[in-house]
Amino acid sequence: MRYKGRILVVDDEIDIREGLSIFFQKEGYQVDNAENKKEALEHFSKKEYDVVFLDLKLPDGNGLDLLKEFLEINYESQIIVISAYGNIETAVSAIKMGAFDFLEKPFSVYQAKVAVEKAIEKKKLLLENLYLKLSLKEKEEKINFVGEDPKIKQILEKAKIIASTDCTVLITGESGTGKGLLAKKIHEMDLVYKGPFVCVDCGAVVPTLFESELFGHAKGAFTGAQQAKIGKIEFAQGGVLFLDEIANIPLDLQAKLLKVVEEKEFSPVGSLKVIKANVRIIAATNKDLKEEVKKGTFREDLYYRLNVVNLHLPPLRERKGDILLLANYFLKYFCEKYKKPMKIFSPKVLSLFMDYHWPGNIRELKNLIERLVIFSTKEEITEKDLLLAEFEPLVKEKRTEELTKELVTSNGEEIVPVEEIEKQYIIKVLKQLNWNKSLAAKKLGIDRKTLTLKLKKWGYDKQHS
């Protein structure tokens, strides 16, 4: 049975403690008991409890005083006050102090079950609201995971299967291939971890603050820690913790992360309290973690624990069929975003897109389309717009042309243009290879289509065809 949460029952009556313990353990909860204030504080200081049943009359103290201490230690825990001596005045006092609910003895285990479910839902909403407030400034655009390439379809099929399990996932691929979008797609389909999606950019966090960012910290844990802080793992409770660029995690913290992955629990910095990590971990990297393991910068045991399922995203140059699909998707997206009339690409622009190798992958394509939408003034996007948007191949071509025009010797004689030198060299290579265009293209480091276009431009297209 899947873990639902952790409960502490504080009551001096053994029947109450055992009755609630047996019932909620069968329901899938972890339950601890305490018969007095001292035992209760020992438990509460060591573990994170989602819900506490607190009797108002204890042999060594007042329940309302203990309620106050609990809330000072951890305001997220939901306290359900119980008492055989309950009255309206006592209930109101408890609620005003911060208790979630009040149950008067005798009560049924089903009444207690309803109260616990509501309390856990409130804690979940509390964490989600806190996370939303903190992440408003980091809010990302809603970009869908788009692709019709067979490799992408196979990845999505695997993602659907993963969504019904609780396994960890390692997403690999070059920078800009859409690893973060794939992680969100898995979360979107997730049948087990339906809570929040919390991202930690391991490459952007200052190393000295990384532990606090991930695990949180207790009040006074270090200089400047004037109040307790909730870590990203706790924010992700019931959902997905996405560790982007996982290879950047400092080596000394990888052991602590391993504990989260293996044992599903952690402790905030400066605290002995153990918190259950009810999260799915998805990690991503553009590095070869096997090589990082060999170099000693990444723990081998952590690598294998993360790499239960590996989803490798191919670079855009290996999924040519998706280039125009993605280009048109981003065109529609940014036209709507910037409230501009829908535009179209000229045939020449589409041809240039298909010929380009896209070293920056989908991110490069997305950024280019956004600039095109911003700068283009007409319905059709042309080469002129590409140049204005600084499309790399055209920018290089223009620089070469300008440089050729400027290259003049001191006596006024023009130097041979770069294109002429290029033509002479290519023809020389072709002659050496008996005009084998495929082999020549490979030797020259260009694709066959590019070579054919150059030969056509120079009037050699009908020769040796």
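In the predicted model, the lining of the largest cavity comprises six nonpolar residues, three polar residues and one charged residue. The residues concerned are N144, F145, V146, T177, G178, L181, R319, L326, F330 and I362. Arg counts as charged, so R319 supplies the charged member of this lining. With a threshold of 30 Å³ or more, the count is one cavity.

Five strands form an open sheet in the order 2-1-3-6-7. Their pairing is parallel. Strand 2 (29-34) and strand 7 (101-104) are the edge strands, each pairing on one side only. From one strand to the next, the twist averages 20°.

Within this sheet, strand 1 (residues 5-10) pairs with strand 3 (residues 51-55). The two run in the parallel sense and are joined over four bridges. I7 is placed opposite V51 of strand 3.

Two helices were then related to the strands. Helix 2 (residues 37-46) packs on the sheet. Its contacts are with strand 1, strand 2 and strand 3. The direction of helix 2 makes about 145° with that of strand 2. Helix 3 (residues 63-73) lies across strand 1, strand 3 and strand 6 (78-83). Relative to strand 3, helix 3 runs at about 160°.

Key
Residues are numbered from 1 along each chain as its sequence is written. This is a predicted model: local features need pLDDT of at least 70, side-chain atom pairs count only at pLDDT 80 or more; totals for chains, interfaces and linings use all residues. Side-chain values use heavy atoms; hydrogens and water are left out. Two strands pair if DSSP finds at least two bridges between them. Axes are lines fitted to C-alpha atoms, for helices over the stretch in contact, and angles run from 0 to 180 degrees between N-to-C directions. Contact means heavy atoms within 4.5 Å. On a 1 Å grid over the protein atoms alone, a cavity is a set of points where a 1.4 Å probe fits but cannot get out, and a pocket is an open set with protein on both sides within 12 Å along at least five of seven lines; lining residues have an atom within 4 Å of a point. Grid points are joined across faces, edges and corners, and a volume is the space filled by probe spheres set on the points.
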